[in-house]
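Hello,

Here is the structure I promised to pass on. My notes follow below it.

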Amino acid sequence: MLLRTQRLALCMEGSLGEPSGKMGHGLLRYSPNPIACIIDSTKSGRDLQSVIGLGREIPIVDRVADAEALGAEVFVLGISPTGGLIPEAFMPTIEEAVSFGMSIVNGLHDRLQPRFQHLSGGQWIWDIRVEPPGLGVGTGSCRNLVNRRVLFIGTDMAVGKMTAGLELLAAAERKHINAAFVATGQIGIAITGCGVPLDAVRVDYASGAIEQEVLKYADASLVIIEGQGSLLHPGSSATLPLIRGSCPTDFVICHRAQQAHLLNVPWVKIPNLREFAGLYEELAEACGAFRRPSTVAIALNTSHLDEREAADEIANLERQMRIPVCDPVRQGGARLLEALRL
């Protein structure tokens, strides 16, 4: 539904520069669509560089009317609140956007299509978190593919799994490698236009949904699978369907530098990353039932560090782990690609 020429307004009220703004932040970095503006009255008039360190000249405005005046055609809910539901306070703003003739991109669990039955010609609602039709139970078919399948795994939620995967994709494309990206969350799907909203799929069909999507790219030399959640997190159940559905050949660990415990569950300590890699490899192999993947690299999130501190953390971790380590945002995905030795 979303044409790549359409201008976006990212509604991020109170979330720009905050963890709850990761939907909007992802689109700001990677969406191929032109972005008309960001709607956030708490940051209105400021520049993106000062708020999130992104040097793009995109205005931050107060209201939907300002976005309409700037030529916005599509209103995007750019927030990712805990629990993934639309805050009731956002509904008047969404209704205003519809009244201005804007289409809506909604990455949250609540569906908006049933609420807006009568739209103008060409206007649409895209509820991303809807289970795809025609799913079945996983069969492990991806084990027979001859390509490389890289699954990004995280020590916590929101540590940069999608970001690292997209940077690897960009690096592969620069080298003219036939690569594909399997988006598994609302942000990646909004950016690429396709994928599986894994947290909207019934558990019986979750591995089958991933398998079905990965099999679409059987002819690609490299398939990059966006990770979700973490085996360490008590609220996460996405990892096993991703592993069983994609039958990965390789893992890339995503970790936030200097993080010793889960941010929202502080009693869960993050183990040594060698142990962490072993945990995933053992689970994937399942006592020899499946081919054992290799952990080939670490994508280190150093966004909270300065350049010198980041360089020191990367160098120290690489010495400890003896595999390539990089921050894909600061350095790009070239080192991740080199680790695969394609």
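Strands β8 and β9 (residues 222-225) run parallel and are joined by 4 bridges. Across that pair, Phe-181 stands opposite Ile-224 in β9. Please keep in mind that this is a predicted model.

Two helices pack on the sheet. Helix α5 (residues 161-174) touches β7 (148-154), β8, β9, β10 (250-256) and β11 (294-301). Its direction makes about 165° with that of β8. Helix α8 (residues 239-246) touches β7, β9 and β10. The direction of α8 makes about 170° with that of β7.

The sheet as a whole is open and has 6 strands, in the order β8-β9-β7-β10-β11-β12. Pairing is parallel. At the edges sit β8 (179-182) and β12 (325-326), each pairing on one side only.

Next, the second largest pocket. Its space comes to about 210 Å³. The lining has 14 residues, and those closest to the centre are His-255, Leu-273, Glu-313, Leu-317 and Gln-320. Helix α10 (residues 307-321) gives the largest share of the lining, 5 residues. By type, the lining holds 7 nonpolar, 6 polar and 1 charged.

Last, Val-98, which lies in helix α4 (residues 91-99). Is Val-98 buried or exposed? Its relative accessibility is 13%, so Val-98 counts as buried. Beyond its neighbours within four places in sequence, Val-98 contacts Ile-104, Phe-116, Leu-119 and Gln-123. Val-98 and Leu-119 are 21 residues apart along the chain, with 7.9 Å between their C-alpha atoms.

Best wishes

Methods:
Residues numbered from 1 in each chain as written. Predicted model: local features only at pLDDT ≥ 70, side-chain atom pairs only at ≥ 80, totals over all residues. Heavy atoms only, no water. 1 Å grid on protein atoms, 1.4 Å probe; cavity = no way out; pocket = protein on both sides within 12 Å on 5 of 7 lines; lining within 4 Å. Points joined across faces, edges and corners; volume = space filled by probe spheres on them. Nonpolar A, V, L, I, M, F, W, Y, C, P; charged D, E, K, R; others polar. Buried < 20%, exposed > 50% of the residue type's maximum accessible area, 1.4 Å probe, protein only. Contact = heavy atoms within 4.5 Å. Pairing = 2+ DSSP bridges. Axes fitted to C-alpha atoms, helices over the stretch in contact; angles between N-to-C directions.
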